[in-house]
Amino acid sequence: MTYQFHSYRSLFPILSDYVYLANCSQGALALPVSKAIEEYNRQLLFSGRNWKQSIAKMEETREKFAKLIGAETDEIAILTSVSDAISAIASCLPFRNKKKKIILTDIDFPTVAHIWLAQEQFKNNVTFIHSTNGMIHLTQYEKEVTNETLLTCIPHVSFYNGYKQNIKEIADIVHRKGSLLFVDAYQSAGHIPINVKEMDIDILTTGTRKYMLGIPGVAFLYIKKELAQQLKPKLTGWFGQESTAVFNMSNPVFATGARRFETGTPSFISIYAACEAINLLLQIGVHNIQLYLQQLADYTRNFGAEKGLQIIGPFSAESSSSMTAFYAKNALKVEQLLKEKKVIVAARNDVIRIAPHFYNNKDELTYAITELARLMMEK
Ligand SMILES: Cc1ncc(COP(=O)(O)O)c(C=O)c1O
């Protein structure tokens, strides 16, 4: 396995002390991202009010994210969490003709269900597609999505076991039935290439804190231009207006495109971080990251199995992402013990998730899996 990203390792100070494999929860902080955060602080500390610079940075970040997912700039709104992005859509999606059903899956992150079930007009129209051994077959979408389905909401990659869905094939099915497709890409953006046009996605959201290498406080909402124009967000505010400079209370005019989903002042400091983080991803290329991580994930699964660890899945090559979930009864305890061995992972329920990024190498995986297997033997 050739490791072409060695020169980037020095950008991540954490790597000199720890094996960092928790990208499904929080990406490692890179020096340029940290510098961008300091830059925001420095402006406030020494020059005072930095509104103009902050707005300029917001627009730069919007453009960069649009480039990252193959969208147009005015198809992107900048919000503060994925939950906010989902709530914004849920608050204003109108029933269309006889369509009022919302399809979710049981592999969605729980926040998705919390939000849809909290909507008075939708809560009795929510149906869950159930996974089998952590997977959902296309035939289930064929069966469950009907001509009464308004929106089908799916994760690109499961937060629990790394199962990856084929978005284009699902899009073909749900569109044939006349449903909109909403994709939660929080577990894929930054390490799996996304092109919203080629994948035929109507709405997509992701945050920057995981594989996108930012910090909490920024989430993006992509919404197809034609669709955005038809929606009138109820979760709104002055940033969703055509102009933030016109202080007119009585004649609100929604901004064109996705911007109408913005509300109030965003977390500018997180936007500074996001901008640099996306820079890094664009520089390296998400396609290159994916090619490398596929090899690292294959190694993780093979070596983990050799060491006697139980893989949740496993999935076919097309349905695997770079994250591997190993069964661990007391996962939180194991996470803590691994940290004592200088390995940082993220536990969820009964699994330890091994979620590398381009800055990890094979030796780190060998060490982490050996330590994990040792801990599992001791139990
Ligand atoms: C797939 C997925 N969606 C949504 C969320 C929640 O995102 P937020 O806290 O920004 O609402 C997470 C968080 O871990 C996630 O993994």
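How far apart do the end C-alpha atoms of residues 52–347 lie, and what percentage of the span is helix and what percentage strand?

## The annotated span

In this predicted model, the end C-alpha atoms of residues 52–347 lie 41 Å apart, and the span is 36% helix and 15% strand.

## The surroundings of the ligand

The ligand is surrounded by Ser81, Val82, Ser83, Phe109, Phe159, Asp184, Tyr186, Gln187, Arg209 and Lys210. When this shell is sorted by class, four of its residues are nonpolar, three are polar and three are charged.

In the side chain of Ser83, an N or O atom is 2.5 Å from an oxygen atom of the ligand, while a polar side-chain atom of Lys210 lies 2.6 Å from a ligand oxygen atom.

## Aromatic pairs

The structure holds 19 aromatic pairs. One of them joins Tyr3 and Tyr292, whose ring centres are 5.2 Å apart and whose planes meet at 35°, so the pair is tilted. Because Tyr3 lies in the segment before strand 1 (19–20) and Tyr292 lies in helix 9 (residues 286–306), this pair ties together parts that are 289 residues apart in sequence. Tyr3 is partly exposed, with a relative accessible area of 22%, whereas Tyr292 is buried, with a relative accessible area of 2%.

Another pair consists of Trp51 and Phe239, and here the ring centres are 6.1 Å apart with the planes at 70°, so the pair is edge-to-face. Trp51 belongs to helix 2 (residues 51–69) and Phe239 to the loop between helix 7 (225–230) and helix 8 (268–284), so this pair ties together parts that are 188 residues apart in sequence. Trp51 has 28% relative accessibility and counts as partly exposed, but Phe239, at 6%, counts as buried. Returning to Tyr3 and Tyr292, both take part in one aromatic cluster, which they form with Phe5, Tyr8, Phe12, Phe358 and Tyr359.

Ser322 has its place in the loop between helix 9 and strand 9 (324–327). Although Ser322 is in a loop, this residue counts as buried, because its relative accessibility is 6% and the cut-off for buried is under 20%. The side chain of Ser322 makes a polar contact with the side chain of His191, at 2.8 Å.

## Two residues with positive phi

Most residues other than glycine have a negative phi. Against that background, Asp200 has a positive phi, near 60°, and this residue is found in the loop between strand 6 (180–184) and strand 7 (203–207). With 24% relative accessibility, Asp200 counts as partly exposed.

Asn349 also has a positive phi, with a value near 45°, and is found in the loop between strand 11 (346–348) and strand 12 (351–354). The relative accessible area of Asn349 is 63%, so this residue is exposed.

Terms used
Residues numbered from 1 in each chain as written. Predicted model: local features only at pLDDT ≥ 70, side-chain atom pairs only at ≥ 80, totals over all residues. Heavy atoms only, no water. Helix = DSSP H or I, 4+ residues; strand = E, 2+ residues; numbered from the N terminus. Near = heavy atom within 4 Å. Polar contact = N/O pair within 3.5 Å; in protein donor to acceptor, adjacent residues only side chain to side chain. Nonpolar A, V, L, I, M, F, W, Y, C, P; charged D, E, K, R; others polar. Phe/Tyr/Trp six-rings, centres within 6.5 Å; stacked < 30°, edge-to-face > 60°. Buried < 20%, exposed > 50% of the residue type's maximum accessible area, 1.4 Å probe, protein only.
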